[in-house]
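Dear colleague,

I am pleased to hand over the structure below.

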Amino acid sequence: MKTRRIGILTGGGDVPGLNSVIKSVVYRSREAGWEVVGIRKGWEGLTHGRPGTEAEGEYARRLTRENTRTVDRTGGTMLHTSRLDPQRVKEERLPPHLASGAEKYRREDGRFDLVPVVLDNLERLGVDCLIVIGGDGTLSATSRLAREGVPLVAIPKTMDNDVAGTEYCLGFSTAITRAKDLVTRQRTTLGSHERIGVFRIFGRDSGFTALHTGYVTSGRCVIPEHPFDLDRLAQLMLSDKENNPSRYAFVIAAEGATWEGRDAAREVARDADGRRHRPDIGQALCTELQRITGQDTMHSDLTYDLRSGNPDALDQTVATTFANIALDLIADGVTGRMVAVQGGRYAHVDLPDREQGSRQVDVHGLYDVERYRPRYVGKLGTPLLLS
């Protein structure tokens, strides 16, 4: 494959470090004599955009050293993002240019498979290789596109740190760093009012963010992989509060955590793209702990604070390195792969498959199911940070 033009897109939730990937791709590509086209709003840029029309400017832009020079100094993504999955688009999300011709793309479940539109637009844009930066939702389309013959490389990002095949996803370190700061600051309010605190944090299907935040704050945590005993947690909170000279206690709750016997399935809602949204575990747990313990409680949702703003030093390092590994692969003619970390080392692996599901916390090795805490023992010989 002779590379002349690289496309790059960011999809799903924003995380700090995305702009560092984009800038690194642009700078390195220029050295190789390649053009870079930024595709805006994730996969929507390749379903709704129409190269050669006015819509092209809204969904695609040429990226240069000049217009990316300072983007790594801020968080978010300069290309903007969406959660659209081109394989399963709802009728109300169809692009205007398909208003009268979408029926041929309809699936048995009533949604629309717009991958043929993506293929057509990639050809119209002259993209020789595509770099896709996203979490498990955004990356779920990459295997399909690779089978359709699209040369691409994936870069994993999500504060949940749960993309299958990699031990690290862009955004994770910043999430833990910021969560530690937020919890530490709010200890003063918990102590001043002698309350029990519940901090809601990322982790719809996996508990890595809650687990590692618990690790660095010495806090208890509840995670999706292990339903907890509500009464036992309440007693632990009372014990923590009694034994704390400042008379407070707290627990970090992953958004997908739940307690034994709770029928949360009937409360699940879905957004416009069909993604599951469980009820707020933080608020629900806060109410139950107050009922059982009779103590004042405080609920604090940390999620959007964690994804906003600049990356920390580790995420900026990982972003720059992931970008350069992706371009190493492209230069060597290797595509259909995802940049990853395995065994604490940079690597490249098979593209993630939706059927694999999310990477899960090893409950027996990393989590104390009796005390609802991370395990601190047995770390000798394990990789730095990721164990």
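Leaving aside neighbours within four places in sequence, R200 is in contact (heavy atoms within 4.5 Å) with A253, E255, D280, I281, G282, H299, S300, D301, L302 and T303. Please note that this is a predicted model, in which local features need pLDDT of at least 70 and side-chain atom pairs count only at pLDDT 80 or more, while totals for chains, interfaces and linings use all residues. Residues are numbered from 1 along each chain as its sequence is written, and side-chain values use heavy atoms, with hydrogens and water left out.

R200 lies in strand β6 (residues 196-201); strands are DSSP runs of E, at least two residues, numbered from the N terminus. Because its relative accessibility is 13%, R200 counts as buried (under 20% relative accessible area, 1.4 Å probe, protein chains only). Its side chain makes polar contacts with the side chains of E255 (3.5 Å) and D280 (3.4 Å). A polar contact is a pair of N or O atoms within 3.5 Å; within protein, one must be able to donate a hydrogen and the other to accept it, and residues adjacent in sequence count only if both atoms are side-chain atoms.

Not counting residues up to four places away in sequence, F228 touches V222, L233, A257, T258, W259, E260, L285 and Y372.

Yours sincerely

Terms used:
Helix = DSSP H or I, 4+ residues; strand = E, 2+ residues; numbered from the N terminus. Buried < 20%, exposed > 50% of the residue type's maximum accessible area, 1.4 Å probe, protein only.
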